[in-house]
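Thanks, everyone. Please look at the model while I talk.

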Amino acid sequence: MTGGMTARAALLPLLLIAAAMLGLAWGQITVGPAALWHGAVSGEGMGAAMLSTFRGPRVATALGAGAALGIAGGLFQTLFRNPLASPDILGFDSGAALAVVAATAFGLIAPMSLVAAAGGLASAALVGVASYRRGHATPPLTMILVGLGIGFMTSALATFLMTLLPSNEAGEAQRWMTGSLAARSWDHVARIWIPGALLAAALLVRIRLLGALELGSDLAAGLGVGVAAARRGFVAAGVLLAALAVAVAGPVPFVALMSAPLGARLTGARGLVGRMLAAAGAGALILTLSDTIARSALTGTELPAGVLTGLLGAPYLLWRLSREMEGGGL
Amino acid sequence: MKAVLGAALALLLVTAASLALGVRPIGPSDYLDMMLAFDPTNADHVALATVRLPRVLGAIIAGGALGVAGAVLQGITRNPLADPGLLGINAGAAFALLAGGALLGDLDQTRVAMLTFPGAALAALTVFGLAGGLRGDTGPMRLTLAGAALNALLLSLVTGAVLLRRESLDMMRFWVAGSLAPAGSRPLAEMALAAAAGAILALAIAPRIEALSFGHALARGLGIRPGRTQGMALAAVALTTGAAVAVAGPIAFLGLMVPPLARRLVGHRLRMELVTAFLLGGATLLLCDTLGRLVLAPAEVRVGVMTAVIGGPVFIWIARGLRPGAQA
């Protein structure tokens, strides 16, 4: 029994290591493990170039952004007790992306992570305000519908802003809007890992509060938790994590939606800390693998990662819907 | 009846305004000149005949068709959030257009445009099948999310295909947000016919759609076969949506906004609603296009962006009034 559990707990880390290795080795040019090892030790040759310049930062960014999206998705799904609640469905990702495109179009000089965070928080506030009705507790489904609407609107605006860009930049922006990890540098790695780790640590410190909220607002209030303030804090943390990921990887669709359920299935984790860690690992796994396959599978063409996560995520969303329908949740 | 006349008047007014307003000021006398004595060497005449007039006609065809499609969809689903754009039916039509153009090479524009109809029909069947709509129990939540998923799936496919072929970001841009700028080069006459056929079909089955809203059992008692009526309704949706996409590309939110407006004017009478939705749809799309041409002149805001900016808040307003958990 214990042996089985340990084996299962080791599965996700092993998959992650394998995905990262695959991401480093496989591509339009395949670099074998021996060459990578040689490059890592000697700092010379193809392996070293791949590690330090081309694929190293790309894989590290994908791992970080995927983990951030995974935690954000798990956080929202726990908070709203609904498997459909995730920053991409709720329109937060496209809000962050709109802010980045707007900043680019109007030539605003500011760190993109801050811009994306501002955009994500603004659209979260908008979703909150627009779905609020005096005297009623907002049902999560209303919030999801309103979020979908805000998402439609912000993506239309971003599309419009892209037409204002010069055509060479517009092509780049289009790629990014799909969710792309092309040409990432160590700077991007720092921008996702450092603030992401800080936010995750903060979340870990307050994890018992999240556990209380998961029991439901009434029970949490009975336990002496300031429900409204605590929820706002967790929503802000989730939005910030998602926005950090959007700033370095674009609004990759459905990673946040799929991560927590996949993580829970892979690890069998029950506790809140375990589920969040599993969500982070699953998010990193999905994004890294998607990016690697999208850029490597077709000779001569590198597709953005978002194309693959979209192809994976849309059927997942449909399957999830049919499950929810059978369960009577919708 | 007064309301229908009012809607027709609105369409006429918007048409006149759209014909007159633009970067190049053109008065009614120029139009008369052009109609009576077309002069191919006169730049004004050529601009009118090849650019502005087709654009106005395209807006009326596409807008009217989407208004009808939205009214039919909202009628058979009893879901105020049903819209060909949000349900992915536009995306299906546009995807068929792109895929056909890419696979078959440079075919005749008109023949490629015909692909929008099977595309729209397939997408409509898919989204309804997935959301359980054909059993007549489609809650707004299911249908909207299934549409969002279908949209995302097709968008990923299109992005991949466009990046693979590397050629035209323009195709992609056309696909993502509808535009009426190239209306002059689209098969307007054929699409007007298709839209009209769809609208007539919708008018013909309107009483049966209304009967379905009392529940399938009752409708059967009235001698109506629900499956057949739904099939014909989806055919009407495919004809109108396909025509609109072939003319203007995918335009979201128009089919969402127009039917409630029409219902407000004529009440819950589906035939009158369809007629009013056609007129108001044309007027609204034309208005959006004209505004889009003027707000940032000489640059243009695509009409698909304009409808999204106006229709987004309408969507949210309707969504927050629903009680999704309770309704489904």
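I start with a definition: on a 1 Å grid over the protein atoms alone, a cavity is a set of points where a 1.4 Å probe fits but cannot get out, while a pocket is an open set with protein on both sides within 12 Å along at least five of seven lines, and lining residues have an atom within 4 Å of a point. Grid points are joined across faces, edges and corners, and volume means the space filled by probe spheres set on the points.

Next, the ground rules. The model is predicted, with local features needing pLDDT of at least 70, side-chain atom pairs counted only at pLDDT 80 or more, and totals for chains, interfaces and linings using all residues. Residues are numbered from 1 along each chain as its sequence is written, chains are lettered from A and ligands numbered from 1 in the order in which they are written, and side-chain values use heavy atoms, without hydrogens and water.

There are 5 cavities of 30 Å³ or more. The largest cavity has a volume of about 1,100 Å³. Of its 45 lining residues, A:Gly151, A:Phe152, A:Ser155, B:Asn151 and B:Leu155 lie nearest the centre. Which helix gives the largest share of that lining? It is α6(A), with 8 residues; helices here are DSSP runs (H or I, at least four residues), numbered from the N terminus. By class, this lining has 27 nonpolar, 16 polar and 2 charged residues, where Ala, Val, Leu, Ile, Met, Phe, Trp, Tyr, Cys and Pro count as nonpolar, Asp, Glu, Lys and Arg as charged, and the others, Gly among them, as polar.

Now the largest pocket, at about 860 Å³. It has 28 lining residues, and the closest to its centre are A:Phe80, A:Thr138, A:Met143, A:Arg231 and A:Val235. α5(A) gives the most to this lining, 7 residues. The classes in the pocket lining are 18 nonpolar, 6 polar and 4 charged.

Last, the helix pair. In chain B, α1 (residues 2-20) and α3 (residues 43-77) pack at about 150°, with axes 10 Å apart. Axes are lines fitted to C-alpha atoms, for helices over the stretch in contact, and angles run from 0 to 180 degrees between N-to-C directions. α1(B) and α3(B) are therefore roughly antiparallel (angles over 145 degrees). In contact (heavy atoms within 4.5 Å) are residues including B:Leu11 and B:Thr15 of α1(B) and B:Val56 and B:Ile60 of α3(B).

Notes
Helices (H or I, at least four residues) and strands (E, at least two) are DSSP runs, numbered from the N terminus. Angles under 35 degrees count as roughly parallel, over 145 as roughly antiparallel, 65 to 115 as roughly perpendicular and the rest as oblique.
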